[in-house]
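Biologist: Please take me through the model that follows, giving the criterion behind each term as we go.

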Amino acid sequence: MSKQSPSSPKLAQTPGFGTPRDLLQPDTGPMMLLQATAVACFVFPSNMVLEPLGASGYVAHILALLVFFLWMASVALGLHSTLEFKHPGRLALGALVVVSCTAYAAMFAGLGAPSNETSRASADRWMLLMAASSGVILATAETVRTVDGAMVLVRAILRGAVFCSVVAMIQFVTHFDPMVWIESVMVGFKDNGGNQPFQQRGNFLRVAGSTFHPIELGVLASMLVPLSLWRSLYDTKGWKSLQWAGSGLLVFSIATTVSRSGMVGIATVALVFVPFLPARTRQWTVLGFAAAGLGLFVAVPGLVATLLGTATAGTADPSITARLQDYPRVEALVAAHPWTGIGPGAYLSANAIEVLDNQYLKTIVEMGIPGLVALLVYMVVPGVAAWIAAFNAKNERLKTLAGAVAAACMVAAPASAAFDALGFPVLALIYPFCVGLSGSVWIMVTREKQELSSAGPRQPDVIGN
C-alpha cells in the first residue's frame, strides 16, 4: 500500500478529525467566555453574590451558566454538532446529571423525605450547579481540539490559580486578607458569608487564598500543580522563570493550608503524573519536590513538623473523630430513603457537629445509592480516561498533557472523602474544567491513533516534535 499524504482527502475530510499535524498547530481554541470563567473562579470571591440570585449568584457561576446556555443555543440552532465528540467524561457527567434529575423530581413529587422551602431552594442550587458544570465540561471538551488549544485554557486557569496563590502568601505572611479590597469594589453584590480565609492549626494560621476554605485551596493547588508543570515545560509564550515561579507558588500554597488533603493530593500527583514526564524532566521534578520540602523546612520553622504531625495524628485529631462519628447517623438516614435520598443538595446541618465533611456520605444521603454510584463515576472515570489516553499517546506534548490531566482529575476522588468537595464553589467549577480536558485529550489521542493507522507505518515521522 502506498503511503498516504497528510493532505489526503481520507484524512482531511473525516468529520471531527484533522491531519496529524493539526495536533500541534494553533487553532481558535476555547471560547473567551470559557477562559473568563476559569479566571473568575479565583479572582472574584464566591461569597459575593447578586442578591436576587442568592448563593448561586457569584460571578464565576453566572459565567459558567452563560457558557451552558451558549452551548445549548449553538446545538439547538445547528451551529455545533455535539454528537461528534465522544469521550468517557460525557458518561460520567451524564450519570450524575440523570441521578440528580431523578432525585430532584422525587423530592418535589413527595417520594423522598419531607422537604421545606429552604431544602427545596438548596436543591435548586444543586441543579444550577449541574447546569454550570455541564456547560464547562462540554464546552471545554468540544472547543479544546489541539494541544495548543489546551495550552490557551490552561494558561487562563493558571492565571487565576497564581492570583489565588499570591493572596494565600500574603495571608500567611501578614495575617491580612487582601480579598476584602475586591469585595469592597463589587458594587451590587452582597456578602453571603460562608468563607473562612483563616483557620488555626497548631502554631500556624492556615489560609484559604481566594477560595472558601484552606482545605479547598490545598486540594485545588495540588490538582493544578501537574498542569502548571506541563505549561512550564512546553509553553513557548512568556518568561520561563515566571512559569516555574507559578508552579512553586502552587506548592507553597499547599503548605500554607497545613492540610492532609493537600498532602494526599500532591502524593497522587507524584504517582500519576511523574511517570509520564520525559526522563530528564522526571529526575529534575523529583529533585524539585525534595528541594521544596527542604526550603519550607528552613524558611518556615515548624511548618514541616506540623504537616507531619497532622498527617499522623489519627483519632487524636478532633476533626478525624468527628468524621468517624458521621457514619452511624448517615447509615440511619440512608436506611430511611436508600434509593431517592432526601433530595440533591438538601442535607442542611443544624450545627457544626452535623456537617458531613465527606462528599460521598453527603451524596448517598441526598441521592441514595444511585447517587453514590454516579458520584464515584464522576470522580473516577475522567481521571482513568485521561490516564489511558496518556498511556496510548505518541506525541510527547500530548502524552504529558494527558498525564497532567489524569493527575488533576484523580486528586478529586480521595479529596472528596475528606470534605464535601462539590459544596465548595471554586473546586465545584474547576474540577469540571479538568473533566472537560480529560475529554479533549481522549479525543485527541483517539484522533492521533486513527490518523496514524490510516496513514501507514511511516506516518509517525510527520508528527514528530
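**Cavities, rings and a loop**

Biologist: Which residues line the largest cavity?

Modeller: This is a predicted model, in which local features need pLDDT of at least 70 and side-chain atom pairs count only at pLDDT 80 or more, whereas totals for chains, interfaces and linings use all residues. Residues are numbered from 1 along each chain as its sequence is written, and side-chain values use heavy atoms, with hydrogens and water left out. A cavity is a set of points, on a 1 Å grid over the protein atoms alone, where a 1.4 Å probe fits but cannot get out, and a lining residue has an atom within 4 Å of a point. The lining of the largest cavity is made up of Pro45, Ser46, Asn47, Asp177, Met179, Glu183, Asn195, Pro197, Gly209, Ser210, Thr211 and Phe212.

Biologist: How much space lies in the largest cavity?

Modeller: There are two cavities of 30 Å³ or more. Grid points are joined across faces, edges and corners, and a volume is the space filled by probe spheres set on the points. For the largest cavity this space comes to about 70 Å³.

Biologist: Which helix gives the most to the lining of the second largest cavity?

Modeller: The second largest cavity, with a volume of about 30 Å³, has Phe42, Cys164 and Leu250 among its lining residues. Helices are DSSP runs (H or I, at least four residues) numbered from the N terminus, and at least two lining residues come from each of helix 6 (147-174) and helix 8 (214-234). With four residues, the one that gives the most is helix 8.

Biologist: Is the ring pair of Tyr104 and Phe108 stacked, edge-to-face or tilted?

Modeller: Rings of Phe, Tyr and Trp (its six-membered ring) pair if their centres lie within 6.5 Å, with planes under 30 degrees apart counted as stacked, over 60 as edge-to-face and the rest as tilted. This rule gives nine aromatic pairs. Tyr104 and Phe108 are four residues apart in helix 4 (residues 88-108), so about one helical turn separates them. Because their ring centres are 4.7 Å apart and their planes stand at 45 degrees, the pair is tilted.

Biologist: Which residues does His87 touch, not counting those up to four places away in sequence?

Modeller: His87 sits in the loop between helix 3 (59-76) and helix 4. Its relative accessible area is 6%, so His87 is buried (under 20%, with a 1.4 Å probe and protein chains only). Taking contact as heavy atoms within 4.5 Å, and leaving out residues up to four places away in sequence, His87 touches Ala141, Gly439, Trp442 and Ile443.

Conventions. Buried < 20%, exposed > 50% of the residue type's maximum accessible area, 1.4 Å probe, protein only. 1 Å grid on protein atoms, 1.4 Å probe; cavity = no way out; pocket = protein on both sides within 12 Å on 5 of 7 lines; lining within 4 Å.
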